[in-house]
Structures are given as C-alpha cells and as structure tokens.
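Visitor: Please take me through this model and look closely at one part of it. I would like every cut-off stated.

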Amino acid sequence: MNTFENKDNDLETGKLIKDGEKTARSSRVLKIHNQALLSGFAYCISSCSMILINKFVLSSYDFNAGISLMLYQNLISVIIVSILSFLGIISTEPLTWRLVKVWFPVNVIFVGMLITSMFSLKYINVAMVTVLKNVTNVITALGEMYLFSKHHDSRVWAALFLMIISAISGGITDLSFHAVGYAWQIINCFLTASYSATIEVANLLVCNDIKWSFGTSNQLHFYVVSSSNWGYNVQVSLVGSLNKIPLSIAGILIFKVPTSLENSASIFFGLIAGVIFARAKMRERSQT
C-alpha cells in the first residue's frame, strides 16, 4: 500500500515513477476550482458556436468544401492544445507508437463522424440534426447489450422509445426535408455509436495493460480508471442533452427555418427525451 500511495504509474511503459521524478510539465499544470462547471460551460459555448458557424458557412455561402473546413478546424485545435501543453496549462499524454495503435481506430471513426456531420448539416436544419442525433443513443444502447452484455432499466428504454417517436414524427413533419441530408445523418448516427464503443474498448485495453503490468495488488487503480471513464461519459451526455435545447432554438431563429406546430412539438419532444435519457443513465450508473 505504501508503494502504491507514494509512486505514480506510467500508463504507457508500465514502470513505476517516483514522486520526485515527475516531469516539470505535470507539476506546472494550472489548478482551477470548479473545473467540472467550467468545462461544461466551455463545452456548451464551443459546441453551439461551432455548429451554428458551420451551418452558416455551409448554407449561406453555398460552400462545398466541408472536408477542408473540418481539416482547418482540427488543425487549429491541435495548435491550441499544443500551445497550452507547452505553457503547462494542461497536461497531455506523450505520443508513442503504443498509444497510436490503441487510439488509431477511434480517430478514424471520429474523422468519419465529423465528415458525415458536415454533409448532413449542409442539408438539414440545426434543430432536426439535434433531434436525429438522438437515434445514436438507441444504437449505442443496443450495441452495449450485444458487445458488453449490459442491461438497461425501464427508464432508459422509455426514454429511447420517446427518442424514436420524436425522430420519426420530426422527419415526417419537417417542411425542409432533404433525403440526402437525412441519409448522411443516419450514417453519422452509426459512426457516432461506433465511436463511443471503440472509446470504451480502447479505455478497457489501457486499463487491462495497467492491471497486468502492476499485478492484482493494483486492481483498485484499474477499477478507479474504468469507473471514472464511464462516469465522465454520462456527465458529457447530460451536458450535451441540455446543450441541444438552446442550440435548436437558436438554429430555428437565426436561420429562419420554416416550421409547423407539429414539427416544433416533435423537436421539443425529442429534446426533452434526450434530457430524460441522460438522467436515467446517470441513475443507472450510480446504481451499478
């Protein structure tokens, strides 16, 4: 226990590093109070602004180079993260071939997810995109049952049923329906669900490496990393669900989307179903 408490685990090499041998970058990480609240707020602002700007560029200027736009945005993100890491404001994992091999499939699916999202956003209004994204939760839940033998309670299934109904009714009543955009969005839902599954698999692979590298005496560390991962994903899901509400309203008002009472009700129904789903997942995780 003294060894476990006084030493840090190197997740990549499996070696034990003493406290005095920590890198200067890790020791210079900026300490911020209420990091969860700050991160959630930053995520909401970044997500809403990026989607609205992308929709504006793709729709208003008849812009046909969505992949170039995606490449530019990811390049800027890499530059920002590199600068923050260099200044010691954040910490990043050292890039190794082992890390690349584990996370390469995840990133391939992530790129596909971004591309299909760009193409669907060009043809579908923002509000309907947010509602149709709820289908991802249905695919993910079914995938968890098949791949990880996870069972969901009745609240989760009820919320998923509401999501399916809202997506179908929203598509039927969509005054600006575009078949190509809906096809891209359906592909995006499958890729997003695959992305979530591969992230979980990659995390389990890393955790298993930790477990077998350090032996059974450090199984506690393995379970802590796993549970933290799952808890973080649920929190992101809740923030994302709440984030869709102002995003959908802004998308309708800014772009003056033609809508009807039935379509607006379907969109609102789907947004509320997303929040119910996220809360049900949080309760399910807390019980397990």
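Visitor: Among contacts in the protein between residues at least 6 apart in sequence, what percentage join residues at least 24 apart? Then please look closely at the largest nonpolar core and show what lies around it.

Guide: The figure is 81% for contacts between residues at least 6 apart in sequence, where a contact means heavy atoms within 4.5 Å. The model is predicted, so local features need pLDDT of at least 70 and side-chain atom pairs count only at pLDDT 80 or more, while totals for chains, interfaces and linings use all residues. Residues are numbered from 1 along each chain as its sequence is written, and side-chain values use heavy atoms, with hydrogens and water left out.

Of the 288 residues, 35% count as buried. Buried means under 20% relative accessible area, exposed means over 50%, and partly exposed lies in between (1.4 Å probe, protein chains only).

Now the core itself. A nonpolar core is a set of buried Ala, Val, Leu, Ile, Met, Phe, Trp, Tyr and Cys residues joined through side-chain atoms within 4.5 Å. The largest one has 21 residues, and the members that touch the most other members are I124, M128, L132 and I267. At least two residues each come from α3 (35–60), α4 (66–87), α5 (97–123), α6 (126–132), α10 (219–254) and α11 (261–287). Helix α6 is the biggest contributor, giving 6 residues. Leaving aside residues up to four places away in sequence, I267 touches A127, M128, V131, S248 and I252. Another core of 9 residues lies apart from this one, and V138, V156, L160 and F277 are among its members.

Charged residues come next. Side chains of opposite charge can pair when their charged atoms come close. The structure holds 1 salt bridge, defined as a side-chain nitrogen of Lys or Arg within 4 Å of a carboxyl oxygen of Asp or Glu. It joins E144 to K281, with 3.4 Å between the closest N and O atoms. E144 sits in helix α7 (residues 135–148) and K281 in helix α11, so the bridge ties together parts 137 residues apart in sequence. Both ends count as buried: E144 has 8% relative accessibility, and K281 has 9%.

Aromatic rings form 3 pairs across the whole structure. Rings of Phe, Tyr and Trp (its six-membered ring) pair if their centres lie within 6.5 Å; planes under 30 degrees apart count as stacked, over 60 as edge-to-face and the rest as tilted. In F119 and W184 the ring centres are 4.7 Å apart and the planes stand at 55°, so this pair is tilted. F119 belongs to helix α5 and W184 to helix α9 (residues 179–214), so the pair ties together parts 65 residues apart in sequence. F119 is partly exposed at 23%, and W184 is partly exposed at 28%. F177 and Y182 also make a tilted pair, 4.4 Å centre to centre with 40° between the planes. Here F177 is partly exposed at 45%, whereas Y182 is buried at 11%.

Helix α5 also holds P105, which is partly exposed at 39% relative accessibility. P105 is 8.8 Å from Y195, C-alpha to C-alpha, although 90 residues separate them in sequence.

Finally, the surface. The protein exposes about 17,200 Å², and carbon and sulfur atoms supply 69% of that; accessible areas come from the Shrake-Rupley method with a 1.4 Å probe, and for residues only the protein chains shown count as cover. Y72, L75, I76, I79, I80, I83, F86, L87 and I89 make a nonpolar patch of about 890 Å². Patches are made of residues with over 30% relative accessible area and no salt bridge, with like charges joined within 9 Å and nonpolar side chains (Val, Leu, Ile, Met, Phe, Trp, Tyr) within 5 Å. I79 lies in helix α4 and is partly exposed at 41%. In the loop between α10 and α11 is K256, which is exposed at 72%. K256 has a positive phi of about 50° although it is not a glycine.

Definitions and conventions:
Helix = DSSP H or I, 4+ residues; strand = E, 2+ residues; numbered from the N terminus.
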